[in-house]
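Have the structure open while you read.

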Amino acid sequence: MPKPTQRVVVTSPRTRAPRARRPYSGTREIKEQSELGAVYMRTLIRAQRRLGLSVCLVTCGALGLLPLLFAIEPGLGKFRVLGLGLPWFLLCVATFPMLLLAGWFYVRQAERSEREFAELVERP
Amino acid sequence: MTSGYAVVAVVVVVLGAILVGTYGLRVSRTTSDFYVASRTVSPWWNASAIGGEYLSAASFVGIAGLIFAYGPDMLWFPVGYTAGYLVLLTMVAAPLRRSGAYTLPDFAEARFRSRGVRAVASVLALAIGWLYLLPQLEGAGLTLNTVTGAPDWVGALIVTVVVTANVMSGGMRSITFVQAFQYWFKLTAIAVPIVFLVLVWQVHGAQSLTKPDFPAFRQDTEVSFQRPTVVHAERPLVVKGTGEVDGNRVENAAVLLAEGYHRIGQGSEFVFPKDAAVPHLSTMAHNTNEMWSLPMSSGADFPLYGAYSLIIATFLGTMGLPHVIVRFYTNPNGTAARRTTLIVLGLLSVFYLMPPIYGALGRIYTPELLMTGQTDAVVLVLPTRMIDGIGGELLGALVAGGAFAAFLSTSSGLVVSLAGVLSQDVLRVGGVRGFRVSTVLAGIVPLAMTFVSTGMPVADMVGLAFAVAASSLCPLLMLGIWSSRITTVGAIAGMLAGGLPALTAGLVTMFTDTGDAWYEILLSRPAAWTAPLGFAVMYVVSLLTQRHVPSGVQRTMVKLHAPENLGLDSSGPHSGEERS
């Protein structure tokens, strides 16, 4: 019985023109400090700065209003919540969960925006 | 209040710290062990360690003392100490870790590539660290004085010696685990007595904390005056004992204190009768408990300015504290740094629920501290005062031990970071030997300072350290991380413009008596004008000197902000590896 013919695949580009260069990935753009890389980074930094500042300003701004409020309307101090004077309730009890919540929200959003950035720049 | 158990507790805490330190001597070998605990620390350990280090004398005894004396305006201290971590989390945590900086001067150099910026940051970090160490040592003196009657300098000396020896022998690896343990110990020490104190208060009939009466003695109370004291009697009262009143010598006799001011001589001992209204220290607001519980009752001039200045100092100052920054390097990456900070936020929130309760109960049970001015002792005295017998003694011992743990841990963290700055930037002696020499220096300077300070409340002193940090290193971090336009000239100008006035104001308040001058509040709470000054000068000068933008700033920004897993950080060797 004759041996089955062995088949070998031979490939070669069909044209003589050079193949189109694969586009650079975002990471390479950033590493090589191209204009595009700078745009990528600026987007990330802006997004993170906006997120950080807004969480910070909303939380601290809300807290920062309290002294003014107590100064304008001293009667508020006599108001009672859960048996505590209003300033005591706000500053001893209510503040801390609010700060934690703000921190948790920030961490979640910051990690998400970093993931999105990674997907964007790692796309070939 | 001299208690055998409390002395035992303090001795156990000190011995424990020394033992763990010696154990650390055996495991730490290389230079990188000393500096960054080889980066093998998990977020929970790290967060507990940050908490342990951060909860200082001010948090453990100082806050309760201030609330006890001045009411709800002082609640901004615990709120600010916690909110500072939110600002740190949202603005600097991850970029700071990614910068690879171990100390603030390292960050300054990594970001600006300039020895000049680094040098200014070093000097400021040292100043802030020493300013912060001073109240720790004063607090230790006060605690030892309260539980044993020893002179103030003994406690300060013990803390300095133990911390210096410990840091010299173990470096940071042992310290990380000591610090982590210390957080949980401190939380126990302040929380367990609270349960019993509140129970006792309930059993006593849950007396209202906000009655429209002046605080009154619950029983005949013997009070000894350790320094000449001017008090104001709200109602006339008769005291018995030996000492000096208004310049007249009294030997074991009864004296009538009429309504008004009285000068009581040093070393006087008088018994104050039950139910009499407690005279206040002359410099304190004279409030009934009802007035005390309302905001803006502290009697300070310009209370609104004071409140905002305190808010700015604590919210922004946290990120500029040298011992806080160090901890971020022990996180493996920026994401872990963020998670660590979030856990810290939780740990601090739990702790800061406690001090206000001590402060409020103190109005009923230890009102004589309002007269002697030792308001910082309220946490230490309450358990033995409210609970009779061995139970109270044991709880008192627990609190005293916790307080001492607070001084030891904060001082350790500060000394480690100051020694880092000293050995790299001031003495320029590398290796383990340089670190050890620097450690000694880092401990001795604040010890010397305790002998000349005027003894203001510890939380106020800590507030000044925060103000300097908020005005100098906070602008450097915030603007340096988020703007690529900041120049070396701008950075230096901004740090000096904010830091120097704040530092001067702090030193003037601490070491001289400014009295009732109208500008007193501008000096004792400087942050509201110095912090904006620092930010504004840094930004404006930078815009004017755009030629001095550091080279390669784009590459630095990539390093600060890009997630590590993308492998973008190819900007040369890591500052960490350079050192090991």
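Here is a short tour, starting with the numbering and ending with the strands.

This is a predicted model, so local features need pLDDT of at least 70 and side-chain atom pairs count only at pLDDT 80 or more, while totals for chains, interfaces and linings use all residues. Residues are numbered from 1 along each chain as its sequence is written, and chains are lettered from A and ligands numbered from 1 in the order in which they are written.

**Where the chains touch**
- On chain B, 40 residues are in contact with 42 residues of chain A (contact means C-beta atoms, placed from the backbone, within 7 Å).
- Four helices of chain B, H5 (76-91), H11 (303-317), H13 (334-351) and H24 (553-561), each supply at least two residues to that side (helices are DSSP runs of H or I with at least four residues, strands are E runs of at least two, numbered from the N terminus).
- H5(B) gives the most, with eight residues.

**Helix H13 of chain B**
- H13(B) has 18 residues and reaches 26 Å from first C-alpha to last, close to the expected 26 Å (1.5 Å times one less than its number of residues).
- Because 15 of its 18 residues are buried, H13(B) is largely enclosed by the rest of the structure (buried means 20 or more other C-beta atoms within 10 Å of a residue's own, with C-beta atoms placed from the backbone).

**Strands of chain B**
- S3(B) (237-245) and S4(B) (248-257) pair antiparallel over eight bridges (pairing needs at least two DSSP bridges), and B:Val238 stands opposite B:Leu256.
- S3(B) and S4(B) form a hairpin with two residues between them, and B:Asp246 in the turn has a positive phi of about 50°.
- Three bridges join S3(B) to the antiparallel S6(B) (269-272), where B:Glu269 is the bridge partner of B:Thr242.

Methods. Two residues are in contact if their C-beta atoms, placed from the backbone, lie within 7 Å. A residue is buried if 20 or more other C-beta atoms lie within 10 Å of its own, exposed if 12 or fewer, and partly exposed in between; C-beta atoms are placed from the backbone.
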